[in-house]
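Colleague: Please take a close look at one part of this model for me, the strand pairing. Then go on to whatever else is worth checking.

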Amino acid sequence: MRSIEIPTLRRLANIINEAIDKIERVYAEAEIPLPSLDAPFNPADPAEALLQNPTVEGVTLNIVAAAAQLSATVASPSVSAFNASQAFHISACLRAASEVNVVEVLREAGGAGLHAKEIAAPSKTDPLLLARILRLLATHNIFREVTPNVFANNRISSVLDKGKPSKVLFQNRDERLTGTSGFAALVEFSADHDMKAVAMLADTMLDFKEGELGFNRAYNTTASFWDWLHRPENVYQMQRFDIGMRGTAAMESTDAILRGFDWSGLPTGSVLVDVGAGIGHISLVIAQKNPGLRVIVQDLKDTIKDSKIYWKEHLPSHVESGMVDFQVHDFYAPQPVPNAAVFMLRHIMHDWSDELVVRILRHLRDAAQPTTKLVVVDKIVVSAARVPDSETEAIPGAKRPLAPKPLLPNWGVGKAEVYYYDLTMHCMVGGVERTLQHFVEVFDKGGWKLERVYHPAGSQMSHIVGVPSRLTQDTRPQSRSHM
Ligand SMILES: C[S@@+](CC[C@H](N)C(=O)[O-])C[C@H]1O[C@@H](n2cnc3c(N)ncnc32)[C@H](O)[C@@H]1O
């Protein structure tokens, strides 16, 4: 019998329906309702924990991908293309709302919401403009317009809550992000510096100047982003960046770091060097679960100051027992720790070009013992085309499932984050998100053999593990193009 092909629209709708059936079943069994879009996010609600149930999590991704693909299929292509060209409004409005602490003012107002005049009063901003900003966001399901010009938080807006009374936020602007989850800092930072730098993408391509990035053009500087960030006049931005790095953990459970590389398999007293650690919030999670590990937090001077404060607040026992050290270390200089069990590089490799990454890896390789592992925690780029990845399939743990047809195999916008990061890295710091084959080659040049990959459940970041390989003298940049 010939099979009849179900038209694409119906197949996409079926993916959504099957996903909803599964979600309904999980919630019916638990006898709790699905969290509402209209209500603020409550991490303590058991209904939220169910969203992380592997069945629910998997089909949620299908819904996101299928809904976007359905819209793209049926909507006017001109309207879709034009709306895509206007997406910057969402970032700009989101940052504006967060900068004037709308979320906290609305939290205090409760579900009935507040008129734009009252929302704007503490920041002394224009109420009509603020209403227009919030309406644009409400139209994208961020905030809720309860009645005309009256707005309330919803599930999405509420995750930007800095968790402090609004009065405190307005009293001390310099400290408004200190002690927060970091998510608002991340969003503000992205919608500020990243957006401005990426806006220059086409300009830097058409009028190409060697070494000039979108960031340089947007900020009219020849300094690198890192040097700019560490200037005394940019201390607020630097703190916002450091706090914002912790905010990345809000997008995936912090214990994702514990679900890949086996930290508990390291002997007691093993040394974990968190290279370019930021405040060291990820090695702190590892140390909480594995108190026998000695941690060395390495970063630049000002960041190390912040990391000491963070560890004293969040894991004082490790600080008091001397099981954590804080080192000011430039990873382009020889690595000073000779006895590392693990060098961890989280969100570091994507910041740098191949040539510079190879220099970082070689310093680590020079300091490595034969048993030292390199654990790179980064996203891995996959193509949007449905093709077998034969080059890297043999690496243990590397294979990943593809989205069911007719979805884009990479789940399309359901997993857009890595493609956003990729171009943010390019425009801000000249970095790149890499395919696994690209990682294999850069590891190799840096003196490491890529030995295994973990894709922790519920995380978009993979753990890419290397062991020391024989160093060659070839330090030339990659000749191969990653296309
Ligand atoms: C994207 S953040 C990642 C921080 C942390 N690993 C994490 O996962 O949150 C990059 C870090 O690299 C640090 N960094 C930049 N250049 C550096 C250098 N030359 N030596 C050491 N650290 C550096 C920055 O200060 C920043 O904390």
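Modeller: Three strands form an open sheet in the order β1-β3-β2, with antiparallel pairing. Strands here are DSSP E runs of at least two residues, helices are H or I runs of at least four, and both are numbered from the N terminus. Two strands pair when DSSP finds at least two bridges between them. The edges are β1 (114-115) and β2 (144-147), and each pairs on one side only. Between β1 and β3 (residues 150-152) there are two bridges, in the antiparallel sense. Leu 114 has Phe 151 of β3 as its bridge partner.

This is a predicted model: local features need pLDDT of at least 70, side-chain atom pairs count only at pLDDT 80 or more, and totals for chains, interfaces and linings use all residues. Numbering starts from 1 along each chain as its sequence is written, and side-chain values use heavy atoms, leaving out hydrogens and water.

Now the domains. The bounds, from an automatic or database assignment, are domain 1 (8-77), domain 2 (87-175), domain 3 (183-249) and domain 4 (252-468). The C-alpha centres of domain 1 and domain 2 are 27 Å apart. Nine residues from domain 1 and eight residues from domain 2 make the contact, meaning heavy atoms within 4.5 Å. Domain 1 and domain 2 bury about 660 Å² between them, 59% of it on carbon and sulfur atoms. Buried area is the accessible area (1.4 Å probe) lost on putting two parts together, summed over both. Leu 37, Asp 38 and Phe 41 supply 69% of what domain 1 buries against domain 2, more than any other three residues. The count between these two domains is one salt bridge. That term needs a side-chain nitrogen of Lys or Arg within 4 Å of a carboxyl oxygen of Asp or Glu. The side chains of Glu 48 and Arg 155 meet in a salt bridge, at 2.4 Å, N to O.

Next, β7. Five of the five residues of β7 (residues 342-346) are buried, so the strand is largely enclosed by the rest of the structure. Buried means under 20% relative accessible area (exposed over 50%, partly exposed in between; 1.4 Å probe, protein chains only). Val 342, Met 344 and Arg 346 point one way, Phe 343 and Leu 345 the other. β4 (residues 271-275) pairs with β7 in parallel over three bridges, and Val 273 stands opposite Phe 343. β8 (residues 373-378) also runs parallel to β7, joined by five bridges. There, Val 342 stands opposite Lys 373.
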